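Here is a friendly walk through the fold, going from sheets to helices to cores. Keep the viewer open and follow along.

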Amino acid sequence: MDWTLFGWAGIQIEIPTTWEISGISGDEKNGYLRLDDPEMPRLELKWAKTRKKKPDLHKTLDEYFKLVRKNYKRGGNVSFRRNVDLIKDEDFLKDSTFLGFSWKGGIRANGLIVHSPDAKRITIVQVMGRLKENWRPTVLRIFQSISDQGDPQHTVWSAYGLKLAVPKNYKLERQKLLSGYLLFTFTRGKSRKLSVERYGPAEVLLNEYSSEPNQLETWFRARYAKAIRGYGFEVTPHDEHGDERITFIGQQTRLYDSMPFSPVLILDKLRKRTRLTFCIRHCHHTNRIYVVQSIGRHETSEKLAQEVAESIHCH
């Protein structure tokens, strides 16, 4: 069985590569996510912010059991157990409070409810399997991976083979998860925005521009004509490990650009301009196009786009 790191809303766990998102709701503060394999639901995540220093996890678990009974009662009566001790490691989630639980109906599940005082959040992780399935090793590996939080400065986001790392001070604004198109949009304050898009299949998208000397750049300029209007760009194409890459670094243009001003005034006006950076990549191995866009009024927007682009390992 092959495994991969999955991330969402600050939660990081290892999962089998065949598990993918089948349902999602809410936001980074309060939300729900389910992963399925080709045959059945496999993992559920539920999280909620809390201001309480010592929340009543048993009470929260009671409410969750009501949802489980409602959603999985078709398989017959559902029986529950709590204070299930699957992991014997004394250092497991040592900075958090947690309870183990299990239930059995038409299928069975093991789960953890965790209160993290640093994140000020309660998280429920539930792994499901068939009644006669030997899935204990899978459960243990998933639970033990929760303690590995990775880079404390970044949040990992994953969906359908796309995995990226974004600074924690950027919050997810929206996502779009379609078969041929993925979108993640993040914001920081009112003026800084970051988006990551994945398109496919690339050969179909680029075929329309087969007569052009640079198909990828021509496709990009046509697809993002509205977004790049009003900007002057420095364009840098290059190849890396067989993949085509193009970087667009630009600033807003103004009518007064051709007017005479003192050097100090020109510098002041340049500092206030919106900066827009695109990092485009055509991965031939996966037949997909990746577009990372960063917008803001600081030079760091260029560095941000490049760092996020480098965090994406397409194959």
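In this predicted model, seven strands build an open sheet in the order β12-β13-β14-β18-β17-β16-β15, and their pairing is antiparallel. At the edges sit β12 (171-177) and β15 (231-240), each of which pairs on one side only. From one strand to the next, the twist averages 10°.

Seven of the nine residues of β18 are buried, so the strand is mostly covered. On one side, seven bridges join β14 to β18, and the two run antiparallel; here Tyr 199 stands opposite Ile 289 in β18. Strand β17 (residues 275-283) is also antiparallel to β18 (residues 288-296), with nine bridges joining them. Along this pair, Thr 277 faces Ser 294, and Phe 278 stands opposite Gln 293. The hairpin of β17 and β18 has four residues between the strands, and Asn 287 takes a positive phi near 60° there.

Which helix lies across β14, β15, β16, β17 and β18? That is helix α4 (residues 215-223), which runs at about 40° to β16 (243-252).

Phe 248 belongs to strand β16. Is Phe 248 buried or exposed? Its relative accessibility is 0%, and because buried means under 20%, Phe 248 counts as buried. Leaving aside neighbours within four places in sequence, the contacts of Phe 248 include Glu 217, Phe 220 and Arg 221, as well as Phe 233, Val 235, Leu 276 and Ile 280. The C-alpha atom of Phe 248 is separated by 47 Å from that of Pro 137, and the two residues are 111 residues apart along the chain.

**The other seven-stranded sheet**

Another open sheet of seven strands has the order β3-β4-β5-β9-β8-β7-β6, with antiparallel pairing. Its edge strands are β3 (20-26) and β6 (79-82), each pairing on one side only. On average, neighbouring strands of this sheet are turned by 15° against each other, direction ignored. Helix α1 (residues 57-72) packs on the sheet and touches β4 (30-36), β5 (41-49), β6, β7, β8 and β9 (121-129). The direction of α1 makes about 25° with that of β7. Eight bridges join the antiparallel strands β7 (residues 97-104) and β8 (residues 108-116), and among the partners Lys 104 is bridged to Arg 108 in β8.

Leu 33 is found in strand β4. Setting aside neighbours within four places in sequence, Leu 33 is in contact with residues including Phe 6, Trp 8, Ile 21, Leu 43 and Trp 47. In sequence, Leu 33 and Lys 303 are 270 residues apart, and in space they are 31 Å apart, C-alpha to C-alpha.

**Buried residues and cores**

| Residue | Relative accessible area |
|---|---|
| Leu 33 | 0% |
| Cys 279 | 9% |
| Cys 283 | 0% |

With a sulfur-to-sulfur cut-off of 2.5 Å, the count of disulfides comes to zero.

In soluble globular proteins, nonpolar side chains tend to be buried together. Here the largest nonpolar core has 49 residues, and Trp 8, Leu 43, Phe 143 and Leu 164 have the most contacts inside it. Helix α7 (residues 300-311) gives the largest share of this core, four residues. Beyond its neighbours within four places in sequence, Leu 43 is in contact with Ile 13, Ile 15, Trp 19, Leu 33, Val 125, Val 127 and Ile 142, among others. Apart from this core lies another, of 19 residues, including Leu 216, Phe 220, Tyr 224 and Ile 228.

**One face of helix α2**

Helix α2 (residues 136-145) has Thr 138, Val 139, Ile 142, Phe 143 and Ser 145 buried. Why do the buried residues of α2 line one face of the helix? Seen down the axis of α2, they fall within an arc of 165°, so they share one face. An α-helix has 3.6 residues a turn, so residues three or four places apart point the same way. The cover over the buried residues of α2 includes β1 (3-8), β2 (11-16), β5, β8 and β9.

Notes
Residues numbered from 1 in each chain as written. Predicted model: local features only at pLDDT ≥ 70, side-chain atom pairs only at ≥ 80, totals over all residues. Heavy atoms only, no water. Pairing = 2+ DSSP bridges. Axes fitted to C-alpha atoms, helices over the stretch in contact; angles between N-to-C directions. Contact = heavy atoms within 4.5 Å. Core = buried A, V, L, I, M, F, W, Y, C linked by side-chain atoms within 4.5 Å. Buried < 20%, exposed > 50% of the residue type's maximum accessible area, 1.4 Å probe, protein only. Arc of directions from axis to C-beta.
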